[in-house]
Amino acid sequence: MIPKHTVEFTPQPRKHSQTSHYTTDDPVACKEFVSELLERGFGIRAIRCYGLDLEGQKFDRILKIAAGILASRRLCASLGIKPEEERHRFGFAA
């Protein structure tokens, strides 16, 4: 059975690094994983849904949501606020 979501990534953003894969059937877990990759500076090679590469706006939408999750976490940690307050003040919370 093909996993619903697959993320292909490398530990470094360079093109010739060894590629790893993360798979899940949960779309929220996929976005949170992409957020972790962004935070650590990993290279994101591809995001697939049911084995098909996401491209263009669909790919960008996943990255935008993941970046919002990262921004929300950072604001909460830096300001010592809860996600509800962060969402009210800044609007990033997912």
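This is a predicted model: local features need pLDDT of at least 70, side-chain atom pairs count only at pLDDT 80 or more; totals for chains, interfaces and linings use all residues.
Ground rules. Local features need pLDDT of at least 70, side-chain atom pairs count only at pLDDT 80 or more, and totals for chains, interfaces and linings use all residues. Numbering starts from 1 along each chain as its sequence is written, and side-chain values use heavy atoms, with hydrogens and water left out.

Cysteines to start. A disulfide here is a pair of cysteine sulfur atoms within 2.5 Å. The count is zero. Take Cys 30: the closest cysteine sulfur, in Cys 49, is 8.4 Å away, so that is too far for a bond. Cys 30 is also buried, at 2% relative accessible area. Buried means under 20%, exposed over 50%, partly exposed in between, with a 1.4 Å probe and protein chains only. Cys 76 is buried too, at 14%.

Next, the loop. Helices (H or I, at least four residues) and strands (E, at least two) are DSSP runs, numbered from the N terminus. Tyr 50 sits between β3 (43-49) and β4 (52-53). Its phi is positive, about 55°, and it is not a glycine. Most residues other than glycine have a negative phi. Tyr 50 is partly exposed, at 48%.

Now helix α2, residues 56-79. Just after α2, Gly 80 has a positive phi of about 65°.
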